[in-house]
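Please keep the structure open while you read.

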Amino acid sequence: MTDRTQGDEAHEQAIAAFMARVSALPVTSTLPDPTHWCRAQLLERWSAERRVRLPITVMRPIEIAASLTGAVWLFYSSLSYLFRAYAG
């Protein structure tokens with residue numbers, strides 16, 4: 001049977017050597033500016049809000065035009081009754 005402690009020690013030494021090499025690497029990256037993240041979040045919210053409001057924004061002029069058309073049509077169709085009631 002083999003002795004496991006020698007294998008474990010060699011494994012730990014290899015890990016320690018690797019970690020020493022990793023810790024010796026230069027750190028070149030910096031954290032991004034937090035204002036960019038905040039601005040991106042704000043733009044994403046505005047975009048989502050515009051997408052949600054798009055059907056309302058599109059339908060509002062159509063509703064106004066349909067309402068005015070209906071009001072004009074009702075007024076025009078009731079003119080004959082108004083003339084009859086006024087004339088006689």
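1. Charges. The protein chain carries 9 positive and 8 negative side chains. The centres of the two sets lie 25 Å apart. Lys and Arg count as positive, Asp and Glu as negative; His and the chain ends are not counted. Each charge is placed at NZ of Lys, CZ of Arg, CG of Asp or CD of Glu.

2. Ground rules. This is a predicted model, in which local features need pLDDT of at least 70 and side-chain atom pairs count only at pLDDT 80 or more, while totals for chains, interfaces and linings use all residues. Residues are numbered from 1 along each chain as its sequence is written, and side-chain values use heavy atoms, with hydrogens and water left out.

3. Overall form. The protein chain has two helices and zero strands. Its radius of gyration is 39 Å, well over the 12 Å that the globule rule gives for 88 residues, so the chain is more spread out than a compact globule. The radius is taken over C-alpha atoms, and the rule is 2.2 Å times the number of residues to the power 0.38. Along the principal axes, the C-alpha trace spans about 120 × 40 × 10 Å. Helices (H or I, at least four residues) and strands (E, at least two) are DSSP runs, numbered from the N terminus.

4. Surface. How much of the protein chain counts as buried? The figure is 0% of the 88 residues. Buried means under 20% relative accessible area, exposed over 50%, and partly exposed in between (1.4 Å probe, protein chains only). The protein chain exposes about 8800 Å², and carbon and sulfur atoms supply 67% of that.

5. Salt bridge. A search of the whole structure finds one. It joins the side chains of Glu49 and Arg53, at 3.3 Å from N to O. The term needs a side-chain nitrogen of Lys or Arg within 4 Å of a carboxyl oxygen of Asp or Glu. Both Glu49 and Arg53 lie in helix H2 (residues 34-87), four residues apart, about one turn of the helix. Glu49 counts as partly exposed because its relative accessibility is 39%.

6. Helix H1. Ile15 is found in helix H1 (residues 4-24). At 44% relative accessibility, Ile15 counts as partly exposed.

7. The loop. Leu31 is found in the loop between H1 and H2. Leu31 counts as exposed because its relative accessibility is 78%.

Notes: Accessible areas come from the Shrake-Rupley method with a 1.4 Å probe; for residues, only the protein chains shown count as cover.
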